[in-house]
Each structure stands twice: as C-alpha cells, then as structure tokens.
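Here is a short briefing on a single structure.

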Amino acid sequence: IGSAFKKVYYDATLDRPSAEFVPIDQFYVSYYATDLRKADRYTHVIYRSPVDLQKDINAEIYADLELPEAKNPTATPFSEKMDTILGLSAIGDNDPQYVLLEQHLYLDIDDSETEDGESAPYIVTVEQQSRQILSIRRNYKPNDPKKEKRMHFVHYRFVPGFGFYGLGLIHFLGNLTMSATAAMR
C-alpha cells in the first residue's frame with residue numbers, strides 16, 4: 001500500500017498510554033500536505049460500538065448527547081477490495097457501530113490563551129450520522145507560547161513517494177511486471 005499510520009495517545013478509559021494501528025482508509029489528509037506536522041487538517045475515522053462509546057462518555061472523553069441508534073457502517077471501496085484479496089467476508093449485519101470523525105485542525109476560538117484572530121490546534125470529534133460535536137479539545141500544551149500542535153499520529157512509508165503518501169511494494173511489482181513484459185517482447 002505504501003503508507004501506514006499509528007496513533008499514540010493516552011486512553012482515559014484504560015488509564016494508560018495506547019498505540020493503535022490506523023488503516024489507510026480510515027485516515028484522510030490533503031494530498032498536498034508534505035507531512036503531518038505541516039498539514040492544516042487531517043481526519044481519523046473511528047468506529048465505536050455503543051458499549052465502547054458509552055465507556056468514553058462515562059470517562060468524560062465525549063459529551064453525553066442524544067445520539068441516533070448505531071448502524072452497521074458501509075464498507076469503503078478500498079476495504080472491500082482488500083477483503084476480496086485476503087478472502088475475508090462479513091459474517092453478519094449485527095455489529096452496529098458509531099462512526100466518529102476525529103478532526104485535527106486549527107481553529108480561532110476565543111479564550112484566555114489565544115489572541116483575537118490567532119488560530120490554534122484543536123481536536124474536534126463529530127458523530128457522522130447526526131453531525132453532532134462530541135468534543136472539542138485543545139491540542140497543545142497549556143502554557144506553550146508557540147501553541148505547537150501535539151502529534152498523535154506516526155506516518156510510516158514503505159518508500160517515500162512524490163506526494164504525501166508513500167509508494168508500496170505493489171507499485172514496484174506492477175512496474176517490474178510491465179518492464180519484464182516489455183523486455184520479453
């Protein structure tokens with residue numbers, strides 16, 4: 001594939017640091033961004049079961065709002081293709097999930113720490129179906145005069161590409177195959 005992401009953060013429900021793999025189809029960033037530190041905005045798509053979401057609400061990670069009933073998420077074309085290649089298939093449609101969009105972005109919020117017109121890094125989490133904001137959290141250290149964005153994601157590239165995303169083995173195998181075919185002809 002070429003790129004993979006790992007999210008490293010403090011998990012309040014477990015009361016310890018956590019690191020989790022984030023599949024490429026659950027992470028959106030502008031193609032024109034050069035790296036995560038310089039990206040103005042990126043979004044992590046999080047799937048939460050109703051039980052796990054309630055645990056997060058009890059741990060005061062998210063606001064306790066009236067949300068619609070959880071539904072079975074629709075598969076992305078990428079995940080469908082990967083499932084076909086790996087020979088996987090969904091067993092049933094009885095696994096409802098909430099789809100949360102965790103957006104890391106810059107906002108101009110009036111508070112005592114920022115000046116008027118100054119944007120600072122925040123994390124805004126939205127429930128996709130209802131479009132309700134579950135949380136807005138500061139993403140910089142409280143007394144940081146530069147208000148530098150805290151990095152929760154690590155981007156791993158197989159081989160650096162020409163844009164944000166890396167090149168994967170399949171990119172090279174495809175080119176080698178075409179080259180070998182052309183050489184034999």
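R137 is partly exposed, with a relative accessible area of 30%; partly exposed lies between buried (under 20% relative accessible area) and exposed (over 50%), using a 1.4 Å probe and protein chains only. This is a predicted model: local features need pLDDT of at least 70, side-chain atom pairs count only at pLDDT 80 or more, and totals for chains, interfaces and linings use all residues. Residues are numbered from 1 along each chain as its sequence is written, and side-chain values use heavy atoms, without hydrogens and water.

**Salt bridges**

- The whole structure holds four salt bridges, each a side-chain nitrogen of Lys or Arg within 4 Å of a carboxyl oxygen of Asp or Glu.
- R137 pairs with E102 in one of them, at 3.8 Å from N to O.
- This pair links distant parts of the chain: R137 sits in strand β7 and E102 in strand β5 (residues 98-107), 35 residues apart. Strands (E, at least two residues) and helices (H or I, at least four) are DSSP runs, numbered from the N terminus.
- E102 counts as buried because its relative accessibility is 4%.
- Salt bridges with shared partners join K7, E102 and R137 into one network.
- R37 and E148 form another salt bridge, with closest N and O atoms 3.8 Å apart.
- That pair also spans distant parts of the chain: R37 is in the loop between β3 (27-29) and β4, E148 in the loop between β7 and β8, 111 residues apart.
- R37 is partly exposed at 43% relative accessible area. E148 is partly exposed, at 43%.

**Around R48**

- R48 lies in strand β4 (residues 41-48).
- R48 forms a salt bridge with D56, the closest N and O atoms being 2.8 Å apart. Both residues are buried.
- Beyond neighbours within four places in sequence, R48 is in contact (heavy atoms within 4.5 Å) with L53, D56, Q97, Y98 and L100.
- R48 and P96 are 48 residues apart in sequence, yet 8.7 Å apart in space, C-alpha to C-alpha.

**Positive phi**

- Most residues other than glycine have a negative phi.
- E60 has a phi near 60°. Its place is the loop between α1 (50-58) and α2 (77-86). E60 is exposed, at 73% relative accessibility.
- R131 has a phi near 60°. This residue is in the loop between β6 (120-127) and β7 (132-138). R131 is exposed, with a relative accessible area of 72%.
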